[in-house]
Amino acid sequence: MDILLWIIIILLFIASFLGIIFPMIPSVIAIWGGFLVYYFFINSDSLTWWFWTGMIVITVILFVADIIANSYFVKKFGGSKAGERGAAVAVIVGSFITPPFGIIYVPFLTVLAIEMMQRRTAKEAIRASIGSFLGFLGGSVAKVVLQLIMIVWFFIAIWF
């Protein structure tokens, strides 16, 4: 039975990384699912309140990091508020259109269109679109690092 539970935990951890490429997979919920399977079905003693508090803090940072990275880069590259919002929605829509590539080109094209509709020059619109792409990359890198920290911390907590 423990082997099956460990397979489920590992699959949930792997699914969390797939969520970076396919945003419809809730990355952090998959990680938490792995933690909860371990806690409720294997051993509830090894995960302390320090662990749970740390995971809550990192989870909040995960949600905020994605939003901040996207907004920061679109803004830094001259994009408008509408461009920022459009990029956020386009990442989700793009993941359904042609996964996983839609999350790259749909936000780029969306920001480009929004910025052009706001009477920006082509150069300004392309620059903002590049910002949305860099925001996606920055948010993805931050997610990978934070998710790895969560998973490594989990294994340290249960083994030591």
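Contact, as the word is used throughout this tour, means heavy atoms within 4.5 Å. The model is predicted, and local features need pLDDT of at least 70, side-chain atom pairs count only at pLDDT 80 or more, and totals for chains, interfaces and linings use all residues. Residues are numbered from 1 along each chain as its sequence is written, and side-chain values use heavy atoms, with hydrogens and water left out.

Select Phe35 to begin. Leaving aside neighbours within four places in sequence, Phe35 is in contact with Phe13, Leu47, Phe51, Trp52, Met55, Met150 and Phe154.

Helices here are DSSP runs (H or I, at least four residues), numbered from the N terminus.

Next, show helix 1 (residues 2–21) with helix 2 (residues 27–41), which pack at about 165° with their axes 7 Å apart; axes are lines fitted to C-alpha atoms over the stretch in contact, and angles run from 0 to 180 degrees between N-to-C directions. That angle makes helix 1 roughly antiparallel to helix 2, a term for angles over 145 degrees. The contact of helix 1 with helix 2 has 14 nonpolar, five polar and no charged residues, where Ala, Val, Leu, Ile, Met, Phe, Trp, Tyr, Cys and Pro count as nonpolar, Asp, Glu, Lys and Arg as charged, and the others, Gly among them, as polar.

Within helix 1, pick Leu5, which is buried at a relative accessible area of 8%. Leu5 touches Val37, Phe41 and Ile42, not counting residues up to four places away in sequence. Leu5 and Val37 lie 32 residues apart in sequence, and 7.1 Å apart in space from C-alpha to C-alpha.

Finally, turn to helix 4 (residues 81–97) and helix 5 (residues 102–117), whose axes come within 7 Å and cross at roughly 145°. The residues of their contact divide into eleven nonpolar, six polar and one charged; among those to select are Gly83, Gly86 and Ala87 in helix 4, and Tyr105, Val106 and Glu115 in helix 5.

Definitions and conventions. Helix = DSSP H or I, 4+ residues; strand = E, 2+ residues; numbered from the N terminus. Parallel < 35°, antiparallel > 145°, perpendicular 65-115°, else oblique. Buried < 20%, exposed > 50% of the residue type's maximum accessible area, 1.4 Å probe, protein only.
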